[in-house]
Amino acid sequence: MSRNQEFRVYLVTKRDILRFIVVEIIIGSMTYKLALNLCHNAILAGAGGWACTEGLKRLVKLGG
């Protein structure tokens with residue numbers, strides 16, 4: 001057992017929670033529904049919804 005014990009604190013802010021809810025849940029569901037209506041395949045719709053939300057997160061990260 002290591003003698004050097006460390007204590008980590010992770011802060012989860014309200015902004016992080018709201019961003020998760022908006023991006024992952026709301027925008028993810030909207031893009032999934034849109035992709036499902038376009039291609040009529042649940043697997044492709046899931047991949048499209050995932051790709052859209054990940055792309056949006058990376059776009060926002062690059063922008064500022």
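On a 1 Å grid over the protein atoms alone, a pocket is an open set of points where a 1.4 Å probe fits, with protein on both sides within 12 Å along at least five of seven lines. In this predicted model, local features need pLDDT of at least 70 and side-chain atom pairs count only at pLDDT 80 or more, while totals for chains, interfaces and linings use all residues. Numbering starts from 1 along each chain, and side-chain values use heavy atoms, with hydrogens and water left out.

The largest pocket comes out at about 200 Å³, a volume being the space filled by probe spheres set on the points. Its lining (residues with an atom within 4 Å of a point) consists of Arg19, Phe20, Val23, Glu24, Leu56, Lys57, Val60 and Lys61. Helices H1 and H2 are the elements that give two or more residues to this lining.

Now for the helices themselves (DSSP runs of H or I, at least four residues). The axes, lines fitted to C-alpha atoms over the stretch in contact, of H1 (residues 14–39) and H2 (residues 42–63) come within 8 Å and cross at roughly 140 degrees.

Terms used:
Axes fitted to C-alpha atoms, helices over the stretch in contact; angles between N-to-C directions.
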